[in-house]
There are 2 protein chains.
Amino acid sequence: MRFIKILSCKMAMKLLSSVKCFGGEQRIYSHASEVLGCEMKFGVYMPPSAVEDHAECPVLYFLSGLTCTQDNFIQKSCFQQHAAKHGIVVVNPDTSPRGLNLPGEDDHWDFGSGAGFYVDATEAPWSKNYKMYSYVTQELPKLVNANLPVLPNKRGIFGHSMGGHGALICALKNPGVYQSVSAFAPISNPINCPWGKKAFNGYLGGNEETWKNWDATELATAYAGNPLEILVDQGSQDNFYKEKQLLPENLLNAAAENDHLQLIYKNREGYDHSYFFIATFLGEHFDHHAKFLKA
Amino acid sequence: MRFIKILSCKMAMKLLSSVKCFGGEQRIYSHASEVLGCEMKFGVYMPPSAVEDHAECPVLYFLSGLTCTQDNFIQKSCFQQHAAKHGIVVVNPDTSPRGLNLPGEDDHWDFGSGAGFYVDATEAPWSKNYKMYSYVTQELPKLVNANLPVLPNKRGIFGHSMGGHGALICALKNPGVYQSVSAFAPISNPINCPWGKKAFNGYLGGNEETWKNWDATELATAYAGNPLEILVDQGSQDNFYKEKQLLPENLLNAAAENDHLQLIYKNREGYDHSYFFIATFLGEHFDHHAKFLKA
């Protein structure tokens, strides 16, 4: 019911800034999130076709990694050049609720603020606000669809690291909702890596069986939806890959066993986990998304 | 004499980091600058041709604006994609000496640290260290030429804002040394704007006649060297342009009166002073430099 209220309110988002970039506009908006119970910021890039011709465009969501806000991707990737070329609106949210002052929220760089892990928490004190999955898959798209010139049925999602995990689970848990999906160095099997175990234990509690609902490798094994072609890039010199935080091979194996999934896995020799890696291969990711979103 | 010493010492620069990016390597080096009397960092992008084939490449220097270090351009512009495409080494220094603890050095964002203005100071206490002009035109190129696979006679320079001023005066004061030059939103006539007056008064003293040796518009009026084609980009919504800190029209008029100079001036409707503006038009600047450096 609360989403109907949002849909009916065109003033629900506030423009904080807008800068011309590659012929379009890089904007930052804020809004009062009912799902998260706090004020949230997010980026919107409007390509030239949306700004000049008021054309309705496909929309691509980007989810960032640990410690990021919406600003990192906006300022460090130059994604705008690719979005401008393809005529795609790009929306990128923050990585957690903000400013709640929950006990321990800011104690760890890999849990709490900046580390929402795109799940819906079930454990106190996180369960009231840390619902980034519902935020990213429901509240934010409804807000965007109601306020911006986007094609609601042409929606893609991608992300980096923790955000790669987020993009994968959003697509795998919602067959047909996302027409395209890709990831840079995703945390591919969080129930089996230190970052994921810490986060899921904190947000979801000690019953590891429930964790599987939020794990891309587990979801890829069980996936029975419409055919999905997933692009994953991984740098060979990524220290988090070497430390087995990312485990893309597990996802690769799960997808190989599932006829509903096709995983295009690119090992990028010599690349690390940084935005330099992302920037280098971002054009290929946009080509991948455009293939489905502009079809 | 001290430069001969640097030339003879291949260990004079220390590699702090190297990240693979667009097929090449984005590096940060440090070295003990004799001219500035302090440790300095600078960025070097090695294109794929330099890394893989050990090819000697043209070298392009980028000078940043007020408050920047070497990191801003490296992290926010995605220039590496263009340098990779053209096979050009890019070197970008810091914007002032660092860590000297001179009285007042850190009191102003537009003077002292982060604001060296690419002049050789003559006034105490700045005159001992604040010699960014000699650093950029002499010490740094000698270090680069001695340690990296660059073609010493294929050298270009460009910059942004204060760094645009720096690039213009370096080229105009050294006919034949820089084969190409361009600028984004340069401080084009510093002796007639608040930023320039404050900086030149502090670094050069109260005799305004001496300031003209460091002013792009004055130097463009007097220029009698080999023909030089200068590309300048200016955003129409740049607040510093509106506040008359940049005054590109004065440079345009001076160049129009001088047969040795051709100024290609681009008014970019709706763009501001940010790295989004730089990123948008960076490809055209690399095309401009490549025309001369790859000739």
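Q: What's the strand order in the open sheet of chain B?
A: The order is β1-β2-β3-β5-β4-β6-β7-β8-β9, nine strands with mixed pairing. Strands pair here if DSSP finds at least two bridges between them; the strands themselves are DSSP E runs of at least two residues, helices are H or I runs of at least four, and both are numbered from the N terminus.

Q: And which are the edge strands?
A: β1 and β9 (261-268) of chain B, each pairing on one side only. From one strand to the next, the twist averages 20°.

Q: Before I go on, what kind of model is this?
A: A predicted one, where local features need pLDDT of at least 70 and side-chain atom pairs count only at pLDDT 80 or more, while totals for chains, interfaces and linings use all residues. Residues are numbered from 1 along each chain as its sequence is written, chains are lettered from A and ligands numbered from 1 in the order written, and side-chain values use heavy atoms, leaving out hydrogens and water.

Q: Back to the sheet: do β2 and β3 of chain B run parallel or antiparallel?
A: Antiparallel, over nine bridges between residues 24-33 and 38-46. Gln26(B) stands opposite Tyr45(B) there.

Q: How many bridges join β4 to β6 in chain B?
A: Six, and those two strands run parallel. Cys57(B) has Val150(B) as its bridge partner in β6(B). β6(B) also pairs with β7 (residues 180-184) of chain B, in the parallel sense over five bridges, with His160(B) partnered by Phe184(B).

Q: Switching topic: how much area do chain B and chain A bury?
A: About 1800 Å², 63% of it on carbon and sulfur atoms. That's accessible area (1.4 Å probe) lost on putting the two parts together, summed over both. The contact (heavy atoms within 4.5 Å) takes 21 residues from each of chain B and chain A.

Q: How many salt bridges across that interface?
A: Zero by the rule, which wants a Lys or Arg side-chain nitrogen within 4 Å of an Asp or Glu carboxyl oxygen. Over all chains the structure holds 15.

Q: Which partner does Lys291(A) have, and how far apart are the atoms?
A: Glu229(A), with the closest N and O atoms 2.8 Å apart. Lys291(A) is in helix α12 (residues 275-293) of chain A and Glu229(A) in strand β8 (residues 228-235) of chain A, so the pair ties together parts 62 residues apart in sequence.

Definitions and conventions
Axes fitted to C-alpha atoms, helices over the stretch in contact; angles between N-to-C directions.
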